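Welcome, and thanks for taking a look at this one with us. Please have the sequence and the model open side by side as you read the notes below.

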Amino acid sequence: MNTEFFKDFNFKGFWSECSYSARDYIGNLPDQEMINSVEKELGYKLPASYIQLMKSQNGGLANRSVFPTTEANSWADDHVAINGIMGIGRERIYSLCGTHGSRFMIDEWGYPAIGVYFADCPSAGHDMVAFDYTNCGKDGEPEVVHIDQENNYKKTFLAKDFETFIMNLKNEEEFEID
């Protein structure tokens with residue numbers, strides 16, 4: 001992997017290797033044509049750190065799946081959890097432009113059109129993690145936010161960028177998970 005992002009971050013054990021991940025999340029590694037096509041369809045420039053990670057594995061379930069928070073949400077008092085990270089493409093159900101991708105969450109589930117929804121949560125669609133372009137415009141570096149459908153689509157800031165989000169994901173064993 002290019003070392004521009006995720007310096008000194010050990011990805012060993014980061015991704016789950018289960019069949020569900022392979023079937024519904026992990027797509028073919030994206031080429032520039034696919035990246036351009038997905039960005040055009042979504043209307044946003046994807047973060048360079050996200051693209052870099054997707055060029056090493058294009059989506060999947062994450063073993064490090066818990067992000068600490070200081071605000072409670074409908075899931076927990078001190079964290080949000082993700083199932084998987086959507087890859088760049090259309091071929092998998094859980095890819096950015098797949099049947100349950102970002103546009104689906106906005107058009108069918110009523111999530112606010114603030115950017116690109118890239119990570120689903122264990123709540124089966126009742127909360128999501130997104131690239132929020134509200135403060136940076138469609139070509140800028142988006143923040144990472146949690147959107148809680150069960151709490152009137154409350155937006156909670158998680159990280160200043162995708163790299164920071166990934167580097168601060170923890171194993172669920174570090175939290176009390178009901």
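Predicted model: local features only at pLDDT ≥ 70, side-chain atom pairs only at ≥ 80, totals over all residues.

**Overall build**
- Five helices and nine strands make up the secondary structure of the protein chain.
- Their order along the sequence is α-α-α-β-β-β-β-α-β-β-β-β-α-β.
- Taken along the principal axes, a box of roughly 40 × 35 × 30 Å holds the C-alpha atoms of the protein chain.
- Buried residues account for 52% of the 178 in the protein chain.
- If you take the contacts between residues at least 6 apart in sequence, 59% of them link residues at least 24 apart.

**The largest pocket**
- The largest pocket here has a volume of about 160 Å³.
- Its lining consists of 14 residues, and those nearest the centre of the pocket are Tyr94, His100, Asp120, Ala124 and Gly125.
- Sorted by class, the lining of this pocket comprises 10 nonpolar, three polar and one charged residues.

- You will find Asn28 in the loop between α1 (19-24) and α2 (32-42).
- Asn28 has a relative accessible area of 54%, so it counts as exposed, the cut-off being over 50%.
- Beyond its neighbours within four places in sequence, Asn28 has contacts with Asn58 and Glu91.
- Glu91 is 63 residues away from Asn28 along the chain, yet their C-alpha atoms are separated by 8.4 Å.

**Two residues with positive phi**
- Most residues other than glycine have a negative phi.
- Phe6, although not a glycine, has a positive phi of about 60°.
- Phe6 belongs to the segment before α1, and it counts as buried because its relative accessibility is 4%, where the limit is under 20%.
- Tyr153 is another residue other than glycine with a positive phi, near 55°.
- Tyr153 sits in the loop between β7 (143-148) and β8 (154-159), and its 25% relative accessibility makes it partly exposed.

Definitions and conventions:
Residues numbered from 1 in each chain as written. Heavy atoms only, no water. 1 Å grid on protein atoms, 1.4 Å probe; cavity = no way out; pocket = protein on both sides within 12 Å on 5 of 7 lines; lining within 4 Å. Points joined across faces, edges and corners; volume = space filled by probe spheres on them. Nonpolar A, V, L, I, M, F, W, Y, C, P; charged D, E, K, R; others polar. Helix = DSSP H or I, 4+ residues; strand = E, 2+ residues; numbered from the N terminus. Buried < 20%, exposed > 50% of the residue type's maximum accessible area, 1.4 Å probe, protein only. Contact = heavy atoms within 4.5 Å.
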